[in-house]
Amino acid sequence: MNLQILTASLPVLLHGFMITLLLALASGVGGTLLGLLAALLRTFGPWGTSVAARIYVELFRGSPALITLMLIYFGVSYFGYAIDLFAAGVIGLSIYEGASIAEVFRAGIEAVPKGQWEASQILGLSRLQTFFSVILPQTGKIVLPPLVGQYIGLIKNTSIVSMIGMGELMHQGQAIVDRIGRPAGIYAMVAVIYFAVCYPLSRWVRRHDSRRSVLS
């Protein structure tokens, strides 16, 4: 492939990648907060909220991310409202990722020894104080590697936002291919950019898991 074409395409792809990172960051924050809330409702909530949280988790874990995104983007338009492409992407990905993150948090909460709750009650801490001061910090250490794994998947899942026309990395790559051709070279560049971010994170997760296995 002509090196000049690669050089000219790189700034456009990097601009799209910056949008990808912003989208992944915003969706990661939204999905984490939503997942933590769903995990709390499933674990500690009254019967009605627990069932609602479980339905949410099972529904979105069992459906494609693209369906969630399309429902958000076209569903809002159906009711006569306009929604920004970036906002639609963040909301759709947050809802979808939140369902999987909820299960990560739930497993982490249940992995904390029950004796921690009993010791906190003896010390006079309320249930709420116990959770935020004692349980949640320990849960954070347990769930960090699988959470990073979810965030890696989220970075790759941002590519589906190209289906609604948002100019992230995949969409920019497709636009270049439509304009000048050379799909093999352009998509190879797109893959390399994704790999450059996701691979180091994957290595960190594997090293962290190996270290935990040795310590245990």
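This is a predicted model: local features need pLDDT of at least 70, side-chain atom pairs count only at pLDDT 80 or more; totals for chains, interfaces and linings use all residues.
Let me begin at Leu169, which, leaving aside neighbours within four places in sequence, is in contact with Leu13, Gly16, Phe17, Thr20, Val190, Ile193 and Tyr194. Contact here means heavy atoms within 4.5 Å.

Residues are numbered from 1 along each chain as its sequence is written, and side-chain values use heavy atoms, with hydrogens and water left out.

Together with Leu13, Tyr56 and Val161, Leu169 is among the residues with the most contacts inside the largest nonpolar core, which has 38 residues. Two or more residues of this core come from each of α1 (3-44), α2 (47-61), α3 (65-78), α4, α6 (127-157), α7 (169-180) and α8 (183-215). A separate, second core has seven residues, including Leu36, Ile101, Phe105 and Leu147. By nonpolar core I mean a set of buried Ala, Val, Leu, Ile, Met, Phe, Trp, Tyr and Cys residues joined through side-chain atoms within 4.5 Å. Buried means under 20% relative accessible area, exposed over 50%, and partly exposed in between, with a 1.4 Å probe and protein chains only.

Now to Ser94, which lies in helix α4, residues 85-111. Why is Ser94 counted as buried? Because its relative accessibility is 7%. Apart from residues up to four places away in sequence, Ser94 touches Ala26, Ser27, Gly30, Gly31, Leu34 and Tyr56.

I turn to the chain as a whole. There are eight helices and zero strands, where helices (H or I, at least four residues) and strands (E, at least two) are DSSP runs numbered from the N terminus. The C-alpha trace spans about 70 × 50 × 25 Å along its principal axes. Of the 216 residues, 39% are buried. Among contacts between residues at least 6 apart in sequence, 75% join residues at least 24 apart. The accessible surface, from the Shrake-Rupley method with a 1.4 Å probe, comes to about 12000 Å², and 68% of this belongs to carbon and sulfur atoms.

Finally, the record. An unreviewed UniProt entry lists residues 17-205 as "domain: ABC transmembrane type-1"; such annotations may be inferred rather than shown by experiment. Over residues 17-205 the model is 84% helix and 0% strand, with the end C-alpha atoms 23 Å apart.
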